[in-house]
Amino acid sequence: MPKKVQPTGDENGEESVPCKRVKEELPDTLSVLNFDSPSSFFESLISPIKVETFFKEFWEQKPLLIQRDDPVLAKYYQSLFSLSDLKSLCKKGVYYGRDVNVCRSISGKKKVLNKDGRAHFLQLRKDFDQKRATIQFHQPQRYKDELWRIQEKLECYFGSLVGSNVYMTPAGSQGLPPHYDDVEVFILQLEGTKHWRLYSPTVPLAHEYSVESEDRIGTPTHDFLLKPGDLLYFPRGTIHQAETPSGLAYSIHLTISTYQNNSWGDCLLDSISGFVFDIAKEDVTLRSGMPRRMLLNVETPADVTRKLSGFLRTLADQLEGREELLSSDMKKDFIKHRLPPFFEGNETETTDPGKELPRLDNIIRLQFKDHTVLTVGPDKNPFDEAQQKMVYIYHSLKNVRQTHMIGEEEESEIFGLRFPLSHVDALKQIWCGLPIRVKDLKLDTDEEKENLALSLWSESLIQVL
């Protein structure tokens, strides 16, 4: 039985978002998970395992199975998604492919049984009962408030997108063949029992999804039954398969995934081009031309390899101790596609920044820090040939929950502000999270100070105290 976790306060500089009255009736088990902050939530999610132990011994290393005999927690897990939820959502309109997949693993291969267009519950239930097919529901946090609440906290905790899928599998059946994923996976068993088998990775910390044949995966390293209230974690690259044992009605589990394309390699790919561009402005050797006909060579000559190695060492030296903000499309992509803050009411509402406009003598404080990023980049003004650098603030307060983790034909909008690079020190003052008087901001004029505060206030990013 998991330990009860007491509120841990704000030890990691995380903020808790005040919520109004709950919009829908939730199970009377809210004390099971602690939503006071992202850290306290994750601590309660993996209880009784300590967070320090989890990251030291399991994260990106090996699976963790937490089996619990806790009827209160099992009841809470069951409330997260059920067949009755699927029936209700079908009435509102869900579609094959985008919202739901119907599939079954047969002889080590995935057979997709999707129809075209809108999915109807009676047809889904028919395939479920008669064809023993698994119903996979994509990204249920778009519709289920409690999953929105859970995944928003996890996105704040990990600083990475968090998706989810629900798998409903009838007795004696398996939805997917043995495979591995490119994400860190947390499994919550909601209803029934599921038989899991895990295998050693053929590609540790894999960067892509792949199906593996039975003759390659060997014997399981883990073989167990997952019951309601249990939690399973395994790193990306872990080969796995799961089936519902015979003799049961069905099994439902929730897969929560994160850390896709969030490696050091991804970070280098994201930041190195902008960094090279900046350094080339200062270093004439980086602006000198390549040897003639170099691009026509079949192989890279040894002297060119030495030259490139020298440039990389120079870049490493330049990067060491550099405190300037690095341009990061990863930051922008995360904020653009993540969930908005959770509110137990109208999700378009944000915490009132205060009725009073911020003036020089007012004290202000940042809010929604976990939903904002600062980055630098060129001025996007097409008439500015000099392309001066600007500071960009992006936030997710106005993001649309219903499109979270769902690819849309139309590119989603990103919300934010931009300021001259001269404002970066003042922004850092605010982003430290402590209250500060507007007149103490590190800007040259009082007008700049007030305008900065007013711009942030208009986006609900600061409160006037």
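Here are some questions and answers about a predicted model.

Me: Let's start with the open sheet of 3 strands: which are its edge strands?
Reply: The order of the strands in this sheet is E17-E18-E19, with antiparallel pairing.

Me: How many bridges pair E17 with E18?
Reply: Strand E18 covers residues 389–395 and pairs with E17 in the antiparallel sense. The number of bridges pairing E17 with E18 is 7.

Me: What is the average twist from one strand to the next in that sheet?
Reply: Picture the strands in their order, E17-E18-E19. Going from one strand to the next, the twist averages 25°.

Me: Now to the nonpolar cores: which residues of the largest one touch the most other members?
Reply: In soluble globular proteins, nonpolar side chains tend to be buried together. The largest nonpolar core in this model has 49 residues. Its largest share, 5 residues, comes from helix H6 (residues 145–158). The residues touching the most other members are Leu86 and Met168.

Me: Which residues does leucine 86 touch, not counting residues up to four places away in sequence?
Reply: Leucine 86 belongs to the largest nonpolar core. Leaving out residues up to four places away in sequence, leucine 86 touches Phe81, Phe121, Leu124, Ile135, Phe137 and Met168.

Me: How many residues are in the second, separate core?
Reply: Among the members of this second core are Phe343, Ile393, Leu427 and Ile430. The residue count for this separate core is 28.

Me: How many of the residues of strand E9 are buried?
Reply: Strand E9 spans residues 184–191 and is mostly covered. A residue is buried when its relative accessible area is under 20%. For E9, the buried count is 8 of 8.

Me: In E13, what is the bridge partner of leucine 188?
Reply: E9 pairs with strand E15 (residues 250–258) over 7 antiparallel bridges, and in E15 the partner of glutamate 184 is threonine 258. E9 is also joined to strand E13 (residues 231–234), by 4 bridges, and these two run antiparallel. In E13, the bridge partner of leucine 188 is leucine 231.

Definitions and conventions
Residues numbered from 1 in each chain as written. Predicted model: local features only at pLDDT ≥ 70, side-chain atom pairs only at ≥ 80, totals over all residues. Heavy atoms only, no water. Pairing = 2+ DSSP bridges. Axes fitted to C-alpha atoms, helices over the stretch in contact; angles between N-to-C directions. Core = buried A, V, L, I, M, F, W, Y, C linked by side-chain atoms within 4.5 Å. Buried < 20%, exposed > 50% of the residue type's maximum accessible area, 1.4 Å probe, protein only. Contact = heavy atoms within 4.5 Å.
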